[in-house]
Amino acid sequence: MMTSHRLALISSLLTGSSFAFHLPTTTIHRQPSLTNNHNHNHHHHHQQRAQSVTLHQYPISITENAPRDTITLTDWAINYGIGLGDTFQLTAAQQDDAIHDDVYTITSQPIDPSTPILSIPSNVILTGSMARQELGSQTFGAEDSLLLSDHQPFYLFLKVLTEYELGDQSPWYYWLNSLPRYYSNGASMTDFCFGCLPPYAAGLALAEKQRYKQYVEALSNISFLSEESKQSEEVTKWAFNVVFTRYMELPGGDVALVPMADYLNHGAEPNVDISYDEEGNCYVYSMTEVGAGEPLVFSYGDSTNPSNLLARYGFLDESSSATFCKYVIENPTFEMFNLGYPNSMYFYNDGGISNEVWDVLLYELLKGTSLEEQQQAFYQAHMSGDEATKQYYHEQYFPQTLAVLQIHVDYLVNELDDLSESSWRKTFRKDQHRHPRLPLILRHNNFVRGIFELVQQNLDGMAS
């Protein structure tokens, strides 16, 4: 529930009182109506032209090297009722490939907590449920081939494709035309990329690639999109990446693309808060003091799993104080989840190891038939908070659990050594240009290896 202070700030955002906002400096001549039935009205026209149009006729070029039009984005936002706080600013920084820029939000001036950053009216926000309702029953057959958790993002995927085909007749044209064309997430990786990643990270990236392929297969049940779009890997992958690198989860389980708020980058320590009112309007406020020129960030997900952020979003978060230990158990039991698998199994940047790592390893070690009674006693001690009994079992079986963890860490360090930058450059000197995602992947491998080497040293000290 929002406080009266927060409600007053929201009112200021909506009315423009007390806070200054940018005013349009240029005029955007095309402003299609942003009503809820906009695309329903255009749908028949779109279906008629879909069969005869070719991809190069669409106004948005989505080739990886196509320029992004972020110059008109701010004016588009203001014209469609998006409130921009007077410190809101977009800036750009070069990515690892030294070709493509990352565009993100900073504050142009120092700000205090609870400073309004953005207000986005609900009719500008694209949601999965809205897209499902708008696109109608002809989308329902596509659901059968997808997991239930993929339904809402899939409708956003269809919505993005639909607006792409509408071109400059889409109300979201200027926003879509500002978005990245180049991505480094799992769906965009090649077989070469997967071969450069350690097994755990490669598995996560391959899962994203498989999800993309399932979405494309589901398009065979969609009749209102052109065959050219459905059969174009360039178009479908771009739409998929727009959705999966930018959507936000809403209260109640829906998902949404929120123009302008989607330019907030990830941070392990967020400095902005994103909230929604009962009408679905979105508000962004600062949570802390933020210095001039600093990025405005919120959390995209668990910062202790940089491999997952790489696979899903295509970037490396080096600000985290810990990383997932990469110990993967096939068919984990309910008890293992209660012991902390996998979300609390951390290796820390100083070489430390979370208690949950030792708990899960010991529980798995005790699963043999002759030790089942001790396994259950250890688990019951954990569930009842009996630390003395837990410590007794840890001490009794410490040499065995230490050996298991050493084997795991030694294997990963050796694997990461084989995937290090120096190793790859000996064999693939020219592939850095052929495979522009390679620098990011190698930086990921080096980051993870650095933590694992510290853990390795810690374990060696315990064994000596």
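In which helix is Met-462 found? In this predicted model, Met-462 lies in helix H19, which covers residues 438-463.

**View A. Met-462 and its surroundings in the predicted model.** With a relative accessibility of 32%, Met-462 counts as partly exposed, and, leaving aside residues up to four places away in sequence, Met-462 touches Ile-353, Trp-358, Phe-398 and Leu-402. Pro-399 stands 63 residues from Met-462 in sequence, while the C-alpha atoms of Pro-399 and Met-462 are 9.6 Å apart in space.

**View B. The largest nonpolar core, with 73 residues.** Trp-76, Leu-118, Phe-157 and Leu-158 are the residues with the most contacts inside this core. Helix H5, formed by residues 151-166, gives the most to the core, contributing eight residues.

**View C. A second, separate core of 50 residues.** Among the residues included in this second core are Trp-358, Tyr-393, Leu-438 and Leu-442.

**View D. Cysteines Cys-196, Cys-193 and Cys-325.** The count of disulfides in the model comes to zero. For Cys-196, the nearest cysteine sulfur is that of Cys-193, at 6.4 Å, whereas a disulfide requires the two sulfur atoms to be within 2.5 Å, and Cys-196 is therefore in no disulfide. Cys-196 is buried, because its relative accessible area of 0% falls under the 20% limit for that class. Cys-325 likewise counts as buried, with a relative accessibility of 0%.

Notes. Residues numbered from 1 in each chain as written. Predicted model: local features only at pLDDT ≥ 70, side-chain atom pairs only at ≥ 80, totals over all residues. Heavy atoms only, no water. Buried < 20%, exposed > 50% of the residue type's maximum accessible area, 1.4 Å probe, protein only. Core = buried A, V, L, I, M, F, W, Y, C linked by side-chain atoms within 4.5 Å. Helix = DSSP H or I, 4+ residues; strand = E, 2+ residues; numbered from the N terminus. Contact = heavy atoms within 4.5 Å.
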